[in-house]
Amino acid sequence: MRLFDPHIHMTSRTTDDYEAMAAAGVAALVEPAFWLGQPRTNVGSFLDYFDGLLGWEPFRASQFGIVHHCTIALNPKEANDPGLRRDVLEVLPRYLAKDGVVAVGEVGYDSVTPGEDEALAAQLELARAHGLPVMVHTPHRDKLAGTRRTLDVVREAGIDPADVIVDHNNELTVDLVRDAGCWAAFSIYPDTKMDEARMVRLLQEHGTERMLVNSAADWGRSDPLKVPKTAAAMREAGFDAAAIEQVVWTNPVEVYARSGRLELDAVATDRTATFAGNSVLRGERPA
Ligand SMILES: [Zn+2]
């Protein structure tokens with residue numbers, strides 16, 4: 001069974017991770033634009049990062065047989081910098097027109113400030129204008145209120161809920177999100193928040209429709225194999241192959257295909273290939 005990780009920050013990960021993911025069956029992934037763990041100081045830093053998500057990183061993924069797409073946005077945390085907010089929102093349309101971009105994201109709330117409100121509204125409008133799905137991050141503090149507020153703003157934006165993925169859900173928010181007609185995504189982490197066992201119970205209780213599972217792996221403590229591990233936990237709990245496939249392949253394919261840009265043909269793993277003169281082999285000489 002092919003697996004899809006619909007939210008993983010590969011820029012922060014190693015080639016060991018790519019190797020392990022490919023061996024575990026991950027065939028496709030989506031890398032959302034987010035923050036770097038510390039604030040950026042100028043818009044140029046965003047441009048280089050976005051270019052990397054569209055250039056070097058898909059190349060790197062292809063070397064391990066994994067198809068890479070990305071989502072582009074101003075992330076919630078950095079939306080609080082007025083200068084960056086103005087400058088990044090201005091360059092976004094240029095990036096949202098590009099082929100590898102399958103959604104606007106991650107957008108949403110971090111601390112629920114007026115600056116975040118402004119960036120979220122502007123980016124929902126950009127998603128609508130570009131006919132793209134949107135991936136919305138929900139705040140980790142006071143999640144229920146933050147999710148309610150997020151869904152209100154999405155409703156007011158007049159965007160089709162079938163184009164909206166609401167991420168980082170838990171048992172308290174799943175009904176709200178699906179009743180709104182949106183896709184409910186769950187980030188499976190090693191220590192905190194959702195784990196595989198909780199996710200399996202949630203799927204038993206709420207079914208597999210419009211449910212997504214991701215690792216959200218990044219530069220923090222996280223596990224890029226959480227999608228395969230959740231699939232295995234589902235199998236152990238007695239879910240049939242069709243139900244598992246719906247969660248770890250069909251659902252993410254369906255929602256990101258709404259962009260009209262999801263390209264899932266297997267990639268050629270030619271390790272001697274280069275991108276702008278660079279390869280993943282470093283000093284190693286091709287045979
Ligand atoms: Zn993320």
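Figure 1. Buried residues make up 44% of the 287 residues in the protein; "buried" here means 20 or more other C-beta atoms within 10 Å of the residue's own, "exposed" means 12 or fewer, and "partly exposed" covers what lies in between, with C-beta atoms placed from the backbone. This is a predicted model, so local features need pLDDT of at least 70 and side-chain atom pairs count only at pLDDT 80 or more, while totals for chains, interfaces and linings use all residues. Residue numbers start from 1 along each chain as its sequence is written. The protein has 10 helices and 8 strands (DSSP runs numbered from the N terminus: H or I of at least four residues for helices, E of at least two for strands). A compact globule of 287 residues would have a radius of gyration near 19 Å, and the protein agrees with 18 Å (taken over C-alpha atoms; the globule rule is 2.2 Å times the number of residues to the power 0.38). Along its principal axes, the C-alpha trace spans about 60 × 50 × 35 Å.

**Figure 2. Strand β4 and its two partners.** Strand β4 (residues 101-108) has 8 of its 8 residues buried, so the rest of the structure largely encloses it. Strand β3 (residues 67-72) runs parallel to β4 and is joined to it by 3 bridges; strands count as paired if DSSP finds at least two bridges between them. Look for Cys 70 opposite Val 101 in β4. Strand β5 (residues 134-137) also pairs with β4 in the parallel sense, over 3 bridges, and there His 137 is the bridge partner of Gly 108.

Figure 3. Leaving out residues up to four places away in sequence, Ile 165 touches, among others, Met 135, Trp 183, Leu 212 and Val 255; contact means C-beta atoms, placed from the backbone, within 7 Å.

**Figure 4. Val 153 on helix α6.** Val 153 lies in helix α6 (residues 143-157) and counts as partly exposed because it has 18 C-beta neighbours inside 10 Å.

Definitions and conventions: Contact = placed C-beta atoms within 7 Å.
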